[in-house]
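Subject: Structure handover and findings

Dear colleague,

Please find below the structure that I am handing over to you. My notes on it follow directly after.

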Amino acid sequence: MKRIQSYLFKQVFRSVVIIVGGLTLLAILAQGLSQTDLIVENRQSALVFFYVVALGAPQVIALLTPLALFVATVWSLNKLHRDNEIVVAGAAGMTRWQIASPIIRLAVLAALAHLTVNLWVQPTAQRTLRETVSAARADLASSLVRPGQFTSAGENLTVFARDSRGGDLIGVLISDNRAESRDYLAQRGRFVEVDGVPSIVMWEGQIHQMDSNGALSILDFDQSTFDLSPFINDSDAVVLKASDRYLHELVSIDRTNYQELQDEEKFLAEAHTRLTTPLVSIAMALIAITAVLGGDFNRRGYSRRITIATACALFLIMVQLTVQSASRDAVLMNIGQWLVPIGTIIGISMVFFKWRLPKAERVQGAYQ
């Protein structure tokens, strides 16, 4: 790579990093707002909150990379053009390919990084994210007990604790409203696991129960254990969605699993999406290159061409997203997921690289 090409590569690369970083930060902050219930409702620590937000970063980066590459390429090339650096490169005899090749190389590297995120980083982060959120929301110790408040787990269980000290619950009331309604009152209690079953152990209390005749019976106890497992919703178990699966899990499903058979087309569409979206980065870079370098030099700028290119880039993204959505219901539409980016790359390349840069005399004449 020539020195001028290395310079162009660094300029665009710096812009891509800044834009991707900025857009990702904004997207992560927006995503973090949807996870505030982990702290507000489930009383998790700030560390858990930031961990959950960080796990969502790979998916955000993958979504923003093509758009960020387009914006960075347009901004960098336009700046270099305004500073006459592209003009000097053309006057020195560099062809369009030689000027564009550093950006295309960067786009290919971005596509490879995007593919790596799609195939390994994103599914790993997504399944970890789902497991972490599920564990946080299933944390009975934090969700059931809020000192000074009555909290419920469904319609049949209400828990109250006057205070919490060092892991112990002070002044415990448990109201079990199933077939045989019972109320537990205890001086002290604590959340424990008995043989892997979540429970509350209570000391120095009473059990109040109405018998079949409507008479109240009171039983004193020194220690009693209340089983919480009937109140845990098994439907909250972690179920891996298409975005949480690795490529081989999307292509090769368990045909004895009814739900996976129902989602087979969705899984296949997700597999093609993982493989084709990195190609969009290359297509977006070519659109940006064509916007700035695809015409004659103009000292007044390239706002018109950039506007048209921006509209084309947005149209490409919308078409790709539309095809991806349609692929979930029609297997043949997966072909379109490949045709859209590849067709764009081939079409722009045929138009752009058949031209030559203006000769040095023509470029110099543009300044006279």
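Trp 338 is found in helix 12, which spans residues 334–352. Please note that the model is a predicted one. At 31% relative accessibility, Trp 338 counts as partly exposed. Trp 338 also belongs to a nonpolar patch on the surface, together with Leu 275, Ile 342, Ile 346 and Met 350. The accessible area of these residues together is about 430 Å². Helix 12 contributes the largest share of the patch, namely four residues.

Strand 2 (residues 157–165) and strand 3 run antiparallel and are joined by eight bridges. In this pairing, Leu 157 stands opposite Asp 176 of strand 3. The two strands form a hairpin with two residues between them, and Gly 166 in the turn has a positive phi of about 55 degrees.

Strand 3 is also paired with strand 4 (residues 182–194); these two run antiparallel as well, with seven bridges between them. Here Leu 173 has Leu 185 of strand 4 as its bridge partner. How far is strand 3 enclosed by the rest of the structure? Strand 3 covers residues 168–176, and eight of its nine residues are buried, so the strand is largely enclosed.

Aromatic and charged contacts

The structure holds three aromatic pairs. In one of them, the rings of Phe 9 and Phe 13 have their centres 6.2 Å apart and their planes at 5 degrees, so the pair is stacked. Both residues lie in helix 1 (residues 3–33), where a spacing of four residues places them about one turn of the helix apart. Phe 13 counts as partly exposed, at 43% relative accessibility.

Another pair is formed by Tyr 184 and Phe 226: with ring centres 5.2 Å apart and planes at 65 degrees, the pair is edge-to-face, because an angle over 60 degrees counts as such. This pair links distant parts of the chain, since Tyr 184 is in strand 4 and Phe 226 in strand 6 (residues 216–227), 42 residues apart. Both Tyr 184 and Phe 226 are buried.

Arg 188 takes part in two kinds of contact. Arg 188 lies over the face of Trp 203, at 4.2 Å from the ring centre. Arg 188 is also linked with Asp 168 and Arg 190 in a network of salt bridges.

Salt bridges

Side chains of opposite charge can pair when their charged atoms come close. A search of the whole structure finds eight salt bridges. One of them joins the side chains of Glu 249 and Arg 127, at 2.7 Å from N to O. Glu 249 lies in helix 8 (residues 247–251) and Arg 127 in helix 6 (residues 96–137), so this pair ties together parts that are 122 residues apart in sequence. Glu 249 counts as partly exposed at 21% relative accessibility, whereas Arg 127 is buried with a relative accessible area of 17%; the cut-off for buried is under 20%.

Arg 255 forms a salt bridge with Glu 264, and the closest N and O atoms are 2.7 Å apart. Arg 255 is exposed, with a relative accessible area of 52%, while Glu 264 is partly exposed at 30%.

The salt bridge between Arg 274 and Glu 270 has its closest N and O atoms 2.8 Å apart. Both residues belong to helix 10 (residues 264–293), and being four residues apart they are separated by about one helical turn. Arg 274 is buried at 1% relative accessibility, and Glu 270 is buried with a relative accessible area of 10%.

Ser 199 is buried, with a relative accessible area of 3%. Its C-alpha atom is separated by 5.1 Å from that of Leu 228, which is 29 residues away along the chain. Gln 206 also has its place in strand 5 and counts as partly exposed, at 31% relative accessibility. Gln 206 and Leu 219 are 13 residues apart in sequence, and their C-alpha atoms are 5.4 Å apart in space.

Yours sincerely

Methods
Residues numbered from 1 in each chain as written. Predicted model: local features only at pLDDT ≥ 70, side-chain atom pairs only at ≥ 80, totals over all residues. Heavy atoms only, no water. Buried < 20%, exposed > 50% of the residue type's maximum accessible area, 1.4 Å probe, protein only. Pairing = 2+ DSSP bridges. Patch = residues over 30% accessible without salt bridge, like charges linked within 9 Å, V, L, I, M, F, W, Y side chains within 5 Å. Areas by Shrake-Rupley, 256 points an atom, 1.4 Å probe, with all protein chains shown as cover. Salt bridge = Lys/Arg side-chain N within 4 Å of Asp/Glu carboxyl O. Phe/Tyr/Trp six-rings, centres within 6.5 Å; stacked < 30°, edge-to-face > 60°. Lys NZ or Arg CZ within 6 Å of the ring centre and 35° of its normal.
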